[in-house]
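Welcome to the tour! Please open the model in your viewer and keep the selection tool at hand.

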Amino acid sequence: EAELKDNPRGALATVRCDPWHVGGKVLLLGDAAHAIVPFYGQGMNCAFEDCMVLDEVLEEHQGDYALAARRFFQVRKPATDALADLSLYNYIEMRSKTASR
C-alpha cells in the first residue's frame, strides 16, 4: 500500500479532437492533437510522421498556412484515428492474456 501511495497511477486517455487548426494561426501536433494509450508503441513514430507531413504540406502550399493546416489535418486524421483504435485493441488483447485472475 505504501508503494502505491509513493507511485500513484495517472489516467490513460485517447485524444480525438477535430479540427487541429484555427485558421492559419494555430495547429496542434503530436499528443496535443491525437494522444493515444501506450499499448501499441507507436506514439513517437506518429509524432515524427506529423513533422514529415507538415513539412510536405508547408512546401506544397508555399506560405498559405491556413490551407496547409487544413491539408495536414485531412492527411493525418484518418491515420491517427486508426492508430488510436489499434492501440486500444492491443490493450484489450494484452489485458485478456496478462491480467491476474
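Is C17 buried, exposed or partly exposed? C17 is partly exposed, because its relative accessible area is 22%. Keep in mind along the way that this model is a predicted one.

**Stop 1: the cysteines**

With C17 selected, look for a partner. The structure holds 0 disulfides. C17 is in none, and the nearest cysteine sulfur, that of C46, is 12 Å away. Now select C51. C51 is in no disulfide either, with the sulfur of C46 as its nearest cysteine sulfur at 10 Å. C51 is partly exposed, since its relative accessible area comes to 48%. As background, a disulfide is a covalent bond between the sulfur atoms of two cysteines.

**Stop 2: a cis peptide bond**

Go next to D18 and P19. A cis peptide bond joins D18 and P19, with omega at about 0 degrees. To place P19, find the loop between α1 and β1.

**Stop 3: the aromatic rings**

Select W20 and F73, and show their side chains. How are the rings of W20 and F73 arranged? The pair is edge-to-face, with 5.2 Å from centre to centre and 85 degrees between the planes. W20 sits in the loop between α1 (2-6) and β1 (21-22), while F73 belongs to helix α4 (residues 65-98), so this pair ties together parts that lie 53 residues apart in sequence.

Both partners can be checked for burial. W20 counts as buried because its relative accessibility is 1%. F73 is buried too, with a relative accessible area of 13%.

W20, F72 and F73 form one aromatic cluster, and a search of the whole structure finds 2 aromatic pairs.

**Stop 4: the nonpolar core**

Which residues make up the largest nonpolar core? Select W20, A33, V53, L54, V57, A68, F72 and F73: these 8 residues are the ones. Helices α3 (43-61) and α4 each supply at least two residues of this core. As a general pattern, nonpolar side chains tend to be buried together in soluble globular proteins.

Now keep F72 and show what surrounds it. Leaving out residues up to four places away in sequence, F72 touches W20, L27, L28, L29, D50, V53, L54 and V57.

From there, move to V57, which is found in helix α3. V57 is buried, as its relative accessible area is 3%. Setting aside residues up to four places away in sequence, V57 touches A68, R71 and F72. For a contrast in position, select P8 as well: V57 and P8 are 49 residues apart in sequence, and their C-alpha atoms are 41 Å apart in space.

**Stop 5: along helix α4**

How far apart are the end C-alpha atoms of α4? They are 47 Å apart, which agrees with the 50 Å that 34 residues should span at 1.5 Å a residue.

A kink of about 35 degrees lies at R76, shortly before the proline P78.

Next, colour the buried residues of α4, which include A68, A69, F72, F73, R76, K77, T80, L83, A84 and S87. Among the parts that cover the buried residues of α4 are β1, β2 (26-27), α2 (31-34) and α3.

R71 is also found in α4. R71 is partly exposed, because its relative accessible area is 33%. Not counting residues up to four places away in sequence, R71 touches V57 and H61.

**Stop 6: a histidine in α2**

Select H34, which lies in helix α2. Is H34 buried or exposed? H34 is buried, as its relative accessible area is 5%. Leaving aside neighbours within four places in sequence, H34 is in contact with V15, W20, C46, D50 and T80.

**Last stop: Q62**

Finish at Q62, in the loop between α3 and α4. Q62 is exposed, since its relative accessible area is 59%. Although Q62 is not a glycine, its phi is positive, at about 30 degrees. For background, most residues other than glycine have a negative phi.

Note on methods. Residues are numbered from 1 along each chain as its sequence is written. This is a predicted model: local features need pLDDT of at least 70, side-chain atom pairs count only at pLDDT 80 or more; totals for chains, interfaces and linings use all residues. Side-chain values use heavy atoms; hydrogens and water are left out. Rings of Phe, Tyr and Trp (its six-membered ring) pair if their centres lie within 6.5 Å; planes under 30 degrees apart count as stacked, over 60 as edge-to-face and the rest as tilted. Helices (H or I, at least four residues) and strands (E, at least two) are DSSP runs, numbered from the N terminus. Buried means under 20% relative accessible area, exposed over 50%, partly exposed in between (1.4 Å probe, protein chains only). A nonpolar core is a set of buried Ala, Val, Leu, Ile, Met, Phe, Trp, Tyr and Cys residues joined through side-chain atoms within 4.5 Å. Contact means heavy atoms within 4.5 Å. A disulfide is a pair of cysteine sulfur atoms within 2.5 Å. The expected span of a helix is 1.5 Å times one less than its number of residues. The bend at a residue is the angle between axes fitted to the seven residues ending there and the seven starting there.
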